[in-house]
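User: I would like to learn how to read packing features from a model. Can you take me through a few?

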Amino acid sequence: MINIGLRPVVREDIETVWKMQVKAFSELLEKYQDYNMSPAAESMDKILARFEQPWTTYYFILAEDEKVGAIRVVDKKDGSRKRISPIWIMKEYRNKGYAQQAILAVEKIYGADHWCLDTILQEKGNLHLYEKLGYHQTGRIDKINDRMDIVFYEKD
């Protein structure tokens, strides 16, 4: 298995992050038609606005110097839960353990406890990944449309 690295995104990288995000989430957007909340439907301005939040850090997920995905960490440092939103691996690099390694890497940086995230309930691979890493469902599920629900996770 190739070990991944994380590289913090700088402002000049935002267009690349946006293009990667749109491409990585486009199949899910097509499948679930969630145009109001899909990362694939977000504007570059929205990503830039998030990037400029003092509590947000985006990282490229690198494997052998290739950008295989990205992860955004929200840490307000105010006692609230740290949050992963979003994380993605580009289609051609999926199912190689990169997302798992990236989550473990950010947990090493920010501490392994007091996290939250959410994902699509119907995407069983996502649920498996997060549960394998020690995240548990909170019991909250938001119905988005007839095709899709969002399930919320925490890790203590």
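User: At what angle do helix α3 and helix α4 pack, and how far apart are their axes?

Analyst: Keep in mind that this is a predicted model. For a helix pair, read the angle and the axis distance together. Here α3 (residues 98-110) and α4 (residues 124-132) pack at about 40 degrees. Their axes are 11 Å apart. The crossing is right-handed.

User: Which residues of α3 and α4 meet?

Analyst: List each side of the interface. From α3 come Ala99, Gln100 and Ile103. From α4 come Leu129, Tyr130 and Lys132.

User: How many aromatic pairs does the structure hold?

Analyst: Four. For each pair, read the distance between ring centres, then the angle between planes. Take Tyr110 and Trp115: the centres are 6.2 Å apart and the planes stand at 85 degrees. Planes over 60 degrees apart count as edge-to-face, so that is the label for Tyr110 and Trp115. Tyr130 and Tyr135 also form an edge-to-face pair, with 6.3 Å centre to centre and 65 degrees between the planes.

User: Why do Tyr110 and Trp115 count as buried?

Analyst: Compare each relative accessible area with the 20% cut-off. Tyr110 has 17%, so it counts as buried. Trp115 has 0%, and is buried too. For the other pair, Tyr130 is buried at 7% and Tyr135 is buried at 3%.

User: Which residues do ring pairs link into a cluster?

Analyst: Follow the pairs from ring to ring. Tyr130, Tyr135 and Tyr153 are linked this way.

User: Where does the charged end of Lys67 sit?

Analyst: For a charge over a ring, check the distance to the ring centre. The charged end of Lys67 sits over the ring of Phe60, 5.0 Å from its centre. Arg140 gives another case. Its charged end sits over the ring of Phe152, 3.8 Å from the centre.

User: What is Arg7 in contact with, leaving aside its neighbours within four places in sequence?

Analyst: Arg7 lies in strand β1 (residues 4-8). It is partly exposed, with a relative accessible area of 30%. Beyond its neighbours within four places in sequence, Arg7 is in contact with Asp13, Tyr58, Tyr59, Phe60, Leu62 and Lys67. Arg7 and Tyr58 are 51 residues apart in sequence, and 8.5 Å apart C-alpha to C-alpha.

User: Is Thr119 buried or exposed?

Analyst: Buried, at 6% relative accessibility. Thr119 is in strand β5 (residues 115-120). Leaving aside neighbours within four places in sequence, its contacts include Asn126, Leu127, Tyr130 and Tyr153. Asp149, Ile150 and Val151 are also among them.

User: How far apart are Thr119 and Tyr153 in sequence and in space?

Analyst: They are 34 residues apart in sequence. In space, Thr119 and Tyr153 are 8.2 Å apart, C-alpha to C-alpha.

Conventions
Residues are numbered from 1 along each chain as its sequence is written. This is a predicted model: local features need pLDDT of at least 70, side-chain atom pairs count only at pLDDT 80 or more; totals for chains, interfaces and linings use all residues. Side-chain values use heavy atoms; hydrogens and water are left out. Rings of Phe, Tyr and Trp (its six-membered ring) pair if their centres lie within 6.5 Å; planes under 30 degrees apart count as stacked, over 60 as edge-to-face and the rest as tilted. Buried means under 20% relative accessible area, exposed over 50%, partly exposed in between (1.4 Å probe, protein chains only). A charge sits over a ring if NZ of Lys or CZ of Arg is within 6 Å of the ring centre and within 35 degrees of the ring normal. Axes are lines fitted to C-alpha atoms, for helices over the stretch in contact, and angles run from 0 to 180 degrees between N-to-C directions. Helices (H or I, at least four residues) and strands (E, at least two) are DSSP runs, numbered from the N terminus. A crossing is left-handed if the near helix is turned anticlockwise from the far one by less than a right angle, and right-handed if clockwise. Contact means heavy atoms within 4.5 Å.
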